[in-house]
Amino acid sequence: MMRVPVVIMRGGTSKGVFLDYKDMPNEFRLWDDFLLDIMGSPDQRQIDGIGGANSLTSKAAIIKKSDLKEIDVEYTFAQISIENQMVDFKGNCGNISSAVGPYAIQQGLVPAVEPITTVKILNTNTQKVIIAEVEVENGRVKTDGLCSIPGVPGTGSPIYLSFTNGEGAVTGKLFPTGNPTDRIQTSKGGMNISIIDVANPLVFVNAHDVGLNGTELPHKFTTEKMDELEEIRSIAAEMCGFCTKEEATVKSPAVPKMTVISSPMTYTDVNGIERKAANMNCTIRMMSMQKPHQALAITGAICTTAGAFLNDTILADVITVENDIIRLGHPAGIMETKVELIAGHINAIKVVRTARMIFEGYVYTKKEYDFSIA
């Protein structure tokens, strides 16, 4: 066994293992085995590791102090599969991103500046910059506050994330297929989809086209419906050039992210709170690693917000844009995003999150790895 320093942090509605780059195996080809080892995958319970047996808690962030001008830290996101022997580095996680700034400050990678420390983050998965604004008090990250986000109990200090120039984050194209809308054929018949890549690639489908009304909560998705949605996502993965549709579930399980969208409708969320149609621009239901997301991925919110301003997508028929605020009704509540427009072009999209450190210590590996700096 080997002892490796780790920090476990909650970022938004996700939780992950945070590691300093210098504490990772010195060869990238060993990262998969190392992360699977410490998380306890593959195993549905992740009983022999520190994973949480859920796609929202089987994540890792590798952080490095940057030598790049205008960048404070470089951050690599990893989605560790629970059931398969694989780690997906293709996309980013916006919720985990919200904990990168606090981690960097607490670990001394970025000097603490009161009352707000701005951390410029380069996400290496997408080569996109995220700017985090973190509250600092008495030289330390402030965690208590009055900010609440759907899907997380209690309140905390607000962390503002600005995603800048997110187009083509993974595929290099705003529309990976070159089209705002594509017609596909599935085992259930033909339907229109929109594949948009901003912050992460998402494949959008209208709820009515897949036999849903758009207000379903996670427990209402049947196995048959999940298989139907995964078929659509797999076709979209092939259209993005990630792999063949037959390989998509194993080789590209995280992107593109399957997203079901519909017009605003009143519904009761997972906490029993009624969410009024008048308070949202649309309802949205996302999938995470072939399972219904309990809330909403931040990168999903960013991509959907950008899509609301694009012509000829299926979002254009669903979302009415009235100002620079977009309100997305998801299973745990309503998320707001704010758009910064310059000369009619989206310069940045901002969201608010909370985050906190949960644990700091050591994890023991089952295997031995070479951690010497090359």
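Which side chain does aspartate 23 meet in a salt bridge? The partner is lysine 22, with 3.7 Å from N to O. A salt bridge here is a side-chain nitrogen of Lys or Arg within 4 Å of a carboxyl oxygen of Asp or Glu, and by this rule the count comes to 12. Aspartate 23 has a relative accessibility of 17% and so counts as buried. Buried stands for under 20% relative accessible area, exposed for over 50%, and partly exposed for what lies in between (1.4 Å probe, protein chains only).

Before going on, a word about the model. It is a predicted one, where local features need pLDDT of at least 70 and side-chain atom pairs count only at pLDDT 80 or more, while totals for chains, interfaces and linings use all residues. Residues are numbered from 1 along each chain as its sequence is written, and side-chain values use heavy atoms, with hydrogens and water left out.

Now hop over to helix α4, residues 223-240. Helices (H or I, at least four residues) and strands (E, at least two) are DSSP runs, numbered from the N terminus. Here glutamate 228 and lysine 225 form a salt bridge of 3.1 Å, N to O. They sit three residues apart in the helix, so about one helical turn separates them. An α-helix has 3.6 residues a turn, so residues three or four places apart point the same way. Glutamate 228 is buried, at 11% relative accessibility, and lysine 225 is buried too, at 16%.

The next pair to visit is lysine 338 and aspartate 324, whose side chains meet in a salt bridge at 2.8 Å, N to O. Lysine 338 is partly exposed at 40% relative accessibility, and aspartate 324 is partly exposed at 28%.

What about α6 itself? Of its 11 residues, 11 are buried, so the helix is largely enclosed by the rest of the structure. Among them are Ile298, Cys303 and Ala308.

Last stop: proline 150, in the loop between β8 (140-141) and β9 (159-164). Its C-alpha atom is separated by 5.2 Å from that of glycine 333, although the two are 183 residues apart along the chain. Leaving aside residues up to four places away in sequence, proline 150 touches Thr13, His330, Ala332, Gly333 and Ile334, where contact means heavy atoms within 4.5 Å.
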